[in-house]
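Visitor: I have a model open on my screen and would like to learn how to read it. Could you walk me through it, one feature at a time?

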Amino acid sequence: LAFEVDLRDAMRAGQFQLVYQPIYNPRSGSVTLVEALLRWDHPQRGVVSPATFVPVAERTGLIKVLGTWAIETAVRAALAWPRNVGVSVNVSARQFESDHDLVAIVAAILRKTGLPPRRLTLEITESTLIEDAPHIIESLKKLRAMGVRIALDDFGTGYSSLSYLAKLPIDIIKIDKTFSHEIDSSVKVNALMTAITDLAHKLGLSIIVEGIETAAQLAVMRRFSLHGIQGFILAKPMSDEALLAIIKDRV
Ligand code: G
Ligand code: G
Ligand code: MN
Ligand code: NA
C-alpha cells in the first residue's frame, strides 16, 4: 500500500506528466491523431511506466482523478496543435463507474477549453467492453452523440468476434501491437488483417495499426488500407514540445 500513498502524493506533487505519440496517415505522411500516454516522474524511482502504476490506480480508484487530469491535460495540449490534429486518451473501465459521471466530466472539459469534440478520441480496451457492462455502452453512446470519437484499443487480444464489432458504439479499431510484431512471420496474421480491414470498411470504422517497429512490418502494413499507423519506427512517445516541433512541419 506504500505505492498507493505514493500515487496520491505524486498527484499532489505534480509528478505525473503526459507524453505524446503521433499517429500518421499512411498515404499523406501527415499526423492526424496523437495518443497521450501517462508517465510518473518519480523522484527516487525515475520514470515509472503506466503498466506498473495504472493497475494500482485502478484498484484504488485513484484512476478517476488521475484519468480526468489526463483528459484535461491532453485536451489543453491539443489546443496548441493544428486544427486537423486530434488527441486520443486512454480510459479505464473504472472511469465509467456511476459515482463518476465521465460523460459530464468530458462535456465540461470540452466546454471550458473550447476544443471541438471531434478532436477528442477516447481509447477503451476490448477487455473493458467484453465485461459487457451496459452502463459503459450507454456512456459511449452519449459521448459519440456529443461528437467525441471512441477507439477500441488492443483489438485482437481479447475474445470479441468480428461480428461483435458491428454492435459496438465505436469509430476506430486499434489493432494490437502483437499483430504488427508477427506480420512478417505469419501467413495467418496476413489473413486476419485482410478480414479485419474488409469488415471495418464495411462497418464504416477507421483502422489504426499500432506497435510498428521495423521497416519490414511497415512495408507489410502499407499493403492494407489503413487510416493510421503508429509505432516506434515512426515516432516514440515524446514531450509536448518535441511533438509541436514535429507536427509543425509534418501537417
Ligand atoms: O505508455 P505505455 O506503453 O507504458 O502504457 C502502458 C499501458 O498504460 C497501456 O495499456 C496504456 O493504454 C495505459 N495508459 C497510458 N496512459 C494512460 C492513461 O492516461 N489512462 C489510462 N487509463 N491508461 C493509460
Ligand atoms: O495499451 P495501449 O495501446 O494504450 O499501449 C500503448 C503503449 O504502447 C504505449 O505505452 C507506448 O509506449 C507503446 N508503444 C508505442 N509504440 C510502440 C511500438 O512500436 N512498440 C512497442 N513495443 N510499444 C509501443
Ligand atoms: Mn492506447
Ligand atoms: Na493498444
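**Reading the model, feature by feature**

Guide: Let's start with a pair of residues in neighbouring strands: Ile-175 has Val-209 of β8 as its bridge partner. This is a predicted model, in which local features need pLDDT of at least 70, side-chain atom pairs count only at pLDDT 80 or more, and totals for chains, interfaces and linings use all residues. Residues are numbered from 1 along each chain as its sequence is written, while chains are lettered from A and ligands numbered from 1 in the order in which they are written.

Visitor: How many bridges join β7 to β8, and do the strands run parallel or antiparallel?

Guide: The general idea is that two strands pair if DSSP finds at least two bridges between them. Strands (E, at least two residues) and helices (H or I, at least four) are DSSP runs, numbered from the N terminus. Here β7 (residues 172-175) and β8 (residues 206-209) run parallel, joined by four bridges.

Visitor: And which residue of β9 does Val-209 stand opposite?

Guide: That would be Ile-229. The strands β8 and β9 (residues 228-229) are paired in the parallel sense, over two bridges.

Visitor: What do β8, α10 and β9 make together?

Guide: A β-α-β unit, and a right-handed one, with α10 covering residues 215-221. To judge the hand, point the strands away from you: the crossover is right-handed if the path from the first strand over the helix to the second runs clockwise.

Visitor: Is β5 mostly buried or exposed?

Guide: Count neighbours: a residue is buried if 20 or more other C-beta atoms lie within 10 Å of its own, exposed if 12 or fewer, and partly exposed in between, with C-beta atoms placed from the backbone. In β5 (residues 120-125), six of the six residues are buried. Leu-120, Leu-122 and Ile-124 are on one side, Thr-121, Glu-123 and Thr-125 on the other, and both faces are covered.

Visitor: Which strands pair with β5?

Guide: β4 pairs with β5 in the parallel sense over four bridges, and Ser-88 has Thr-121 as its bridge partner. β6 (residues 149-155) is also parallel to β5, over five bridges; there, Leu-122 stands opposite Ile-150.

Visitor: Why is β1 called largely enclosed?

Guide: Because seven of the nine residues of β1 (residues 16-24) are buried. β1 and β2 run antiparallel and are joined by nine bridges, with Val-19 opposite Leu-37. Their hairpin has six residues between the strands, and Gly-29 takes a positive phi near 80° there.

Visitor: On to the ligands. How many residues surround ligand 1, and which are the closest?

Guide: A residue is near a molecule if its C-beta atom, placed from the backbone, lies within 6 Å of it. Ligand 1 has 13 residues around it, the closest being Leu-37, Leu-38, Pro-50, Ala-70 and Asn-90. β2, α2, α3 and β4 each supply at least two residues of this shell.

Visitor: What classes of residue make up that shell?

Guide: Nine are nonpolar, four polar and none charged. Ala, Val, Leu, Ile, Met, Phe, Trp, Tyr, Cys and Pro count as nonpolar, Asp, Glu, Lys and Arg as charged, and the others, Gly among them, as polar. For ligand 2, the shell has four nonpolar, four polar and five charged residues.

Visitor: Which residues are closest to ligand 2?

Guide: Leu-37, Gly-211, Glu-213, Gly-231 and Phe-232, out of 13 that surround it. Gly-211 lies in the loop between β8 and α10 and is partly exposed, with 18 other C-beta atoms within 10 Å.

Visitor: Last one: what pLDDT does the chain average?

Guide: The average is 91, and 94% of the residues score at least 70; pLDDT is the predictor's confidence in each residue, from 0 to 100. Where pLDDT is low, the predicted coordinates should not be read in detail. For the complex, the predictor gives an ipTM of 0.96 and a pTM of 0.95.
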